[in-house]
Amino acid sequence: MIRFLPEWHPQDAILLTWPHRESAWQLTLNQVENTYIDLVAVISHHQACLVQLHPSVDITVLARKLADAGTNLSRCYFVACESNDTWARDHGPISIQTGETSQLLNFQFNGWGNKFEHALDNQLNQYMSDQGVFTVPMESSTWVLEGGSLEVDEFGTLLTTEQCLLNKNRNPQANKANIESYLKESLGVKRVLWLSEGELDGDDTDAHIDTLARFGPNNQIIFQGCQDETDVHFTSLNAMHQQLASFRNEQGEPYHLIELPFPKAIYAEDGHRLPATYANFLITNDLVIVPSYADSADILAVEKVQLAFPSHRVVSIDARPLIEEHGSIHCISMQLTQHTVNFDYPFVRA
């Protein structure tokens with residue numbers, strides 16, 4: 001039996017693709033690298049970080065910066081590989097379980113509908129597998145599918161958005177019925193809940209679910225609300241709230257909804273609004289890491305997420321450099337489930 005694993009399933013490591021001067025971060029590289037360093041410094045005291053490192057990054061210099069930030073370098077594992085950009089949530093492998101055996105799935109990544117260069121990123125999973133970084137088999141698919149577009153609970157219910165998965169810039173031959181059938185076949189999900197409402201200004205992903213609504217354990221959905229009736233998002237996000245309230249779990253019961261505060265509007269230099277969202281948090285074995293935006297709502301967002309994950313420590317990391325390129329903490333990371341990483345691989349060392 002195939003099972004798509006929820007994010008809070010035990011993990012081996014968090015996968016990151018490090019920013020570099022040939023990526024979209026070239027103009028703000030120092031600022032965004034500091035966010036990555038903060039993230040690794042926190043995670044590394046709890047579990048491993050597996051880092052895909054572009055050849056232009058000097059491992060000796062990076063290791064010094066990580067050490068200065070208090071990182072546990074013994075839990076940092078570096079693999080040298082070419083990449084276009086850094087959005088590991090969307091080009092990284094998807095973890096499933098077949099019986100008691102873990103497995104990784106390699107879907108196609110096309111730069112969110114051919115919006116951005118992606119050829120190197122689309123090869124990363126296969127490269128890592130061929131190099132022996134993983135201990136489990138990897139199955140490749142011709143379907144375009146991004147991790148940020150999928151949320152699953154512990155009972156096999158998948159939550160996604162129509163705007164993304166039905167978009168013809170991903171799988172133009174597919175319709176709702178055969179997409180749902182494929183998700184059930186390849187991921188082992190039992191049913192699919194489709195959100196038709198909700199989106200953020202400045203989002204390049206065509207409404208990834210991980211910017212809007214997230215499953216938590218024990219029948220919970222944590223979602224990005226909008227409390228300001230004058231905000232351009234109010235109508236859409238409140239319609240999404242009503243739709244989430246109408247959803248039922250596999251036993252016919254409503255979900256327990258936790259509404260996140262909405263950060264104040266943040267704008268890019270050219271005036272367009274950036275997609276700041278607290279829903280883009282990362283769940284690790286012991287921590288939940290919530291993006292922060294130097295906003296008065298940051299503390300409340302952490303408190304709300306803590307309600308959903310009482311057995312985890314919930315912390316925040318400044319995500320303002322990340323939203324300059326329209327993503328956040330969850331977007332740059334991908335969990336690798338337990339028993340998938342070959343820690344005996346000859347990783348790059350400083």
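## Aromatic rings

Tyr 77, Phe 343, Tyr 345 and Phe 347 form a cluster, linked by ring pairs. The model is a predicted one. Across the whole structure, a search finds 12 aromatic pairs.

One of them joins Trp 18 and Tyr 36. Their ring centres are 5.3 Å apart and their planes meet at 65°, so this pair is edge-to-face. The angle decides the label, because planes over 60 degrees apart count as edge-to-face. Trp 18 sits in the loop between β2 (11–17) and α1 (29–43), while Tyr 36 belongs to helix α1. The two are 18 residues apart, and the pair links distant parts of the chain. Both Trp 18 and Tyr 36 are buried.

Phe 109 and Trp 112 make another pair. Here the ring centres lie 5.0 Å apart and the planes stand at 85°, so this pair is also edge-to-face. Are these two residues buried or exposed? Phe 109 has a relative accessible area of 4%, so it is buried. Trp 112 has 8% relative accessibility and counts as buried. The cut-off for buried is under 20%.

## Arg 214 and its partners

Arg 214 has contacts of two kinds. Its charged end sits over the ring of Phe 281, 4.4 Å from the ring centre. Its side chain also meets that of Glu 151 in a salt bridge, at 2.7 Å from N to O. Arg 214 lies in strand β11 (residues 213–216) and Glu 151 in strand β8 (residues 151–152), so the bridge ties together parts that are 63 residues apart in sequence. Both residues are buried.

This pair belongs to a network. Salt bridges link Glu 7, Arg 89, Glu 151 and Arg 214.

## Other salt bridges

Side chains of opposite charge can pair when their charged atoms come close. The structure holds 12 salt bridges.

Asp 206 and Arg 170 form one of them, at 2.5 Å from N to O. What does this pair tie together? Asp 206 lies in the loop between β10 (191–195) and β11, and Arg 170 in the loop between α6 (162–165) and α7 (176–187), so the bridge joins parts that are 36 residues apart in sequence. Asp 206 is buried, with a relative accessible area of 13%. Arg 170 is buried too, at 6% relative accessibility.

Arg 273 is in the loop between β13 (256–260) and β14. Asp 231 is in the loop between β12 (220–224) and α8 (234–246). The two residues are 42 residues apart, and the pair links distant parts of the chain. Arg 273 and Asp 231 are both buried.

Why is strand β15 (residues 287–292) described as largely enclosed by the rest of the structure? Because 6 of its 6 residues are buried. Leu 287, Ile 289 and Pro 291 point one way from the strand. Val 288, Val 290 and Ser 292 point the other way. Residues on both sides are buried.

β15 pairs with strand β14 (residues 282–283) in the antiparallel sense, over 2 bridges. Leu 282 stands opposite Ile 289 in β15. A hairpin of 3 residues joins β14 to β15.

β15 also pairs with strand β16 (residues 313–318). These two run parallel, joined by 6 bridges. Pro 291 has Ile 317 of β16 as its bridge partner. From β15 the chain crosses through helix α9 (residues 298–308) to β16, and this β-α-β crossover is right-handed.

Which residues of α9 are buried? They are Asp 298, Ala 301, Val 302, Val 305 and Ala 308. These residues cover an arc of only 110° around the axis, so they lie on the same side of α9. An α-helix has 3.6 residues a turn, so residues three or four places apart point the same way.

The face turned away from the buried side carries the exposed residues Ile 299 and Leu 307.

Conventions: Residues are numbered from 1 along each chain as its sequence is written. This is a predicted model: local features need pLDDT of at least 70, side-chain atom pairs count only at pLDDT 80 or more; totals for chains, interfaces and linings use all residues. Side-chain values use heavy atoms; hydrogens and water are left out. Buried means under 20% relative accessible area, exposed over 50%, partly exposed in between (1.4 Å probe, protein chains only). Helices (H or I, at least four residues) and strands (E, at least two) are DSSP runs, numbered from the N terminus. Two strands pair if DSSP finds at least two bridges between them. A crossover is right-handed if, with the strands pointing away from the viewer, the path from the first strand over the helix to the second runs clockwise. Rings of Phe, Tyr and Trp (its six-membered ring) pair if their centres lie within 6.5 Å; planes under 30 degrees apart count as stacked, over 60 as edge-to-face and the rest as tilted. A charge sits over a ring if NZ of Lys or CZ of Arg is within 6 Å of the ring centre and within 35 degrees of the ring normal. A salt bridge is a side-chain nitrogen of Lys or Arg within 4 Å of a carboxyl oxygen of Asp or Glu. The arc is that of the directions from the helix axis to the C-beta atoms.
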